[in-house]
Amino acid sequence: MIEISASMVKKWLPARDPWGHKGTFGKVYCLCGSVGFTGAPVFASRAAVRTGSGLVYIGVPSAIWQVIAAKSDEAMPFPLPDRNGKLSLAAESDIRERIATCDALLIGCGVGRSDDSDKLVRRLLDSEKPLILDADGINALSGHINELSVRHNAITILTPHEGEFVRLGGDLSLGREQAARDFALQHGVYIVLKGHHTIVAAPDGRMAVNTTGNSGMAKGGSGDVLSGMILSLLGQGMSPFEACCAAVWLHGRAGDLAAEDKGERGMTPCDLLGQIPYAMKKL
């Protein structure tokens with residue numbers, strides 16, 4: 001088990017090519033949102049932009065597309081077929097067409113639960129692109145964890161809090177560290193087990209723990225920001241373990257900077273987003 005440090009993150013972050021263009025720094029896709037959960041795709045996509053992505057696409061149900069479009073300046077939202085405000089199976093072909101052009105994919109932030117959306121998540125597991133599953137993207141695997149086997153040659157990152165982890169079949173009785181390690185080894189995935197001292201576990205047995213962050217981050221939307229940051233670093237070509245560790249540390253550091261400015265009680269995920277550039281710059 002290593003403790004993630006500023007020096008490690010500084011070493012891991014990819015150099016910024018002075019001759020690069022928007023395609024150089026990664027094209028990423030956020031498949032997020034549903035009626036009632038319009039903040040999640042915005043938080044995730046803005047985090048990806050703030051962390052350095054060149055092009056950020058958002059796929060959302062048609063029912064909320066106008067809301068997301070009004071909130072999005074840098075990221076590019078596209079409407080997808082929906083049913084009762086959630087993504088429908090009819091969206092699959094459009095999604096696959098977009099995935100083919102991207103370097104990494106995030107599914108789940110604010111997606112909600114329905115038969116169609118759950119089935120859609122599981123159908124998309126066969127993509128060869130690096131994939132992050134968060135929130136209801138993770139919940140869609142409850143009772144279907146064996147379907148992850150289709151991704152045995154692909155990069156898969158799961159970002160559960162403890163409740164989601166248990167629903168997946170994780171066993172916390174031996175402690176968070178052992179639980180995350182065992183799950184990652186068993187299923188061939190990277191686990192970011194969120195909470196106080198977030199743990200990162202790799203399928204090869206590597207483990208890391210984070211010590212940045214504070215209680216002001218315990219608000220809806222903070223996890224969406226973290227997923228967008230991991231997505232961005234994956235899309236920029238970082239290895240999955242280093243991308244997870246760097247994003248977790250930077251996310252916590254941005255939270256600490258936000259707390260210094262606004263206080264832990266009053267800070268919001270928007271404040272967290274605003275501090276990501278400074279967390280990176282201060283390295």
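Predicted model: local features only at pLDDT ≥ 70, side-chain atom pairs only at ≥ 80, totals over all residues.

Trainee: OK, helix 11 then. How many residues does helix 11 have, and how far does it reach?
Mentor: Helix 11 covers residues 269–281, so to speak 13 residues, and spans 19 Å from its first C-alpha to its last, close to the 18 Å expected at 1.5 Å a residue. That expected span is 1.5 Å times one less than the number of residues. Helices are DSSP runs of H or I with at least four residues, strands are runs of E with at least two, and both are numbered from the N terminus.

Trainee: Where in helix 11 is the kink?
Mentor: At Q275, shortly before the proline P277, with a bend of about 35°. The bend at a residue is the angle between axes fitted to the seven residues ending there and the seven starting there.

Trainee: Which residues of helix 11 are buried?
Mentor: P269, D271, L272, L273, Q275, I276 and A279. Buried means under 20% relative accessible area, exposed means over 50%, and partly exposed is in between, using a 1.4 Å probe and protein chains only.

Trainee: And what do the buried residues of helix 11 pack against?
Mentor: Helix 2 (39–50), helix 9 (222–235) and helix 10 (240–262). Contact here means heavy atoms within 4.5 Å.

Trainee: What comes after helix 11?
Mentor: L283 is in the segment after helix 11, and at 21% relative accessibility it counts as partly exposed. Leaving aside neighbours within four places in sequence, L283 is in contact with A6, V9, K10, L13, W249 and L250. L283 and S7 are 276 residues apart in sequence, yet their C-alpha atoms are 7.9 Å apart in space.

Trainee: Switching topic: how many salt bridges does the structure hold?
Mentor: It holds 11. A salt bridge is a side-chain nitrogen of Lys or Arg within 4 Å of a carboxyl oxygen of Asp or Glu. Side chains of opposite charge can pair when their charged atoms come close.

Trainee: Which residues are linked in a network of salt bridges?
Mentor: E92, R96, R123 and D126.

Trainee: What about R96 and D126?
Mentor: Their side chains meet in a salt bridge at 2.9 Å, N to O. R96 lies in helix 4 and D126 in the loop between helix 5 and strand 8 (131–133), so the pair ties together parts that are 30 residues apart in sequence. R96 is partly exposed at 29%, and D126 is partly exposed at 43%.

Trainee: Now the largest pocket. How much space lies in it?
Mentor: About 760 Å³. Of the 34 residues that line the largest pocket, the closest to its centre are M217, A218, S222, G223 and H251. On a 1 Å grid over the protein atoms alone, a pocket is an open set of points with protein on both sides within 12 Å along at least five of seven lines, and lining residues have an atom within 4 Å of a point. Points are joined across faces, edges and corners, and the volume is the space filled by probe spheres set on the points.

Trainee: Which helix gives the largest share of that lining?
Mentor: Helix 9, with 4 residues.

Definitions and conventions:
Residues numbered from 1 in each chain as written. Heavy atoms only, no water. 1 Å grid on protein atoms, 1.4 Å probe; cavity = no way out; pocket = protein on both sides within 12 Å on 5 of 7 lines; lining within 4 Å.
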